[in-house]
Amino acid sequence: MDNYPLPTELASSPFIRSIPPDLDNTHACETAIGYKFSDPWLLWEALQAPRSWPCLQLIPRYEKGNMRLAIVGDRILDFLLALKWYPTYQKRVAFDELRNRITTNSSFNAVGNRMGLERYIAKAPGAGGQVSPKTMSDTVEAIIGAVYLDGGVDAVQAVAGNLGIEV
């Protein structure tokens, strides 16, 4: 873990030493998605379901788990789909149809289940050890957001391909 320093806000948390971050789990997820993070804490955050135990014990800004990264992932996927649509000279409705076909909660839930991502997600205590379809969908988007922040657009395109997301 010394090779990967904690983000500043985590390092200052009084709870952090009582929580063994599961970087082995993070490394296994890297293998599953086909991407090695320079900063594995981004993937760690992406794998935190809202109100998961590590998030509740750390600091308030992590209570919502991977939601910040899910927003980034959602927007970067919209951006990549817009780049795919733009040279086609099709009407705006064609872009909306493309986006609605590819970036739905049900399609991301299917991607996450197909890739077996459930085993890597830190689940909320009240979820009974299960990952809801919405949480799975948000986690897929959060992983995309984490990849973007770590490696940029090219990395996102590679990981999206590995996950079977058409961008």
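Here are some numbered notes on this predicted model, running from the overall fold to single residues.

1. Some ground rules to begin with. Because the model is predicted, local features need pLDDT of at least 70 and side-chain atom pairs count only at pLDDT 80 or more, while totals for chains, interfaces and linings use all residues. Residues are numbered from 1 along each chain as its sequence is written, and side-chain values use heavy atoms, with hydrogens and water left out.

2. Helices (H or I, at least four residues) and strands (E, at least two) are DSSP runs, numbered from the N terminus.

3. On burial, 47% of the 167 residues in the chain are buried. Buried means under 20% relative accessible area, exposed over 50%, and partly exposed in between (1.4 Å probe, protein chains only). The chain exposes about 8600 Å², and carbon and sulfur atoms supply 54% of that area; accessible areas come from the Shrake-Rupley method with a 1.4 Å probe, and for residues only the protein chains shown count as cover.

4. Of the contacts (heavy atoms within 4.5 Å) between residues at least 6 apart in sequence, 62% join residues at least 24 apart.

5. Helix α5 deserves a look. It covers residues 67–85, has 19 residues and reaches 27 Å from its first C-alpha to its last, close to the 27 Å expected at 1.5 Å a residue; the expected span is 1.5 Å times one less than the number of residues. Its buried residues are Leu69, Ala70, Gly73, Asp74, Ile76, Leu77, Asp78, Leu80 and Leu81, and they pack against α3 (40–46), α6 (92–102), α7 (105–115) and α8 (133–163).

6. Asp74 is buried, with a relative accessible area of 16%. Asp74 and Gly145 are 71 residues apart in sequence, yet 7.4 Å apart in space, C-alpha to C-alpha.

7. Next comes α6, whose buried residues are Ala94, Phe95, Leu98 and Ile102. They sit on the same side of α6 because they cover an arc of only 100° around the axis, where the arc is that of the directions from the helix axis to the C-beta atoms. On the other side of α6, Arg92 and Glu97 are exposed. The cover over the buried residues of α6 includes α5 and α7.

8. The axes of α7 and α8 come within 8 Å and cross at roughly 80°, which makes α7 roughly perpendicular to α8. Axes are lines fitted to C-alpha atoms, for helices over the stretch in contact, and angles run from 0 to 180 degrees between N-to-C directions. Angles under 35 degrees count as roughly parallel, over 145 as roughly antiparallel, 65 to 115 as roughly perpendicular and the rest as oblique. Residues of α7 including Phe108, Val111 and Met115 meet a set in α8 that includes Met136, Val140 and Leu163.

9. Tyr89 has a positive phi of about 60° although it is not a glycine. Most residues other than glycine have a negative phi. Tyr89 is exposed, with a relative accessible area of 75%.

10. Finally, Ala155 lies in helix α8 and counts as buried at 12% relative accessibility. Leaving aside neighbours within four places in sequence, Ala155 is in contact with Tyr35 and Val147.
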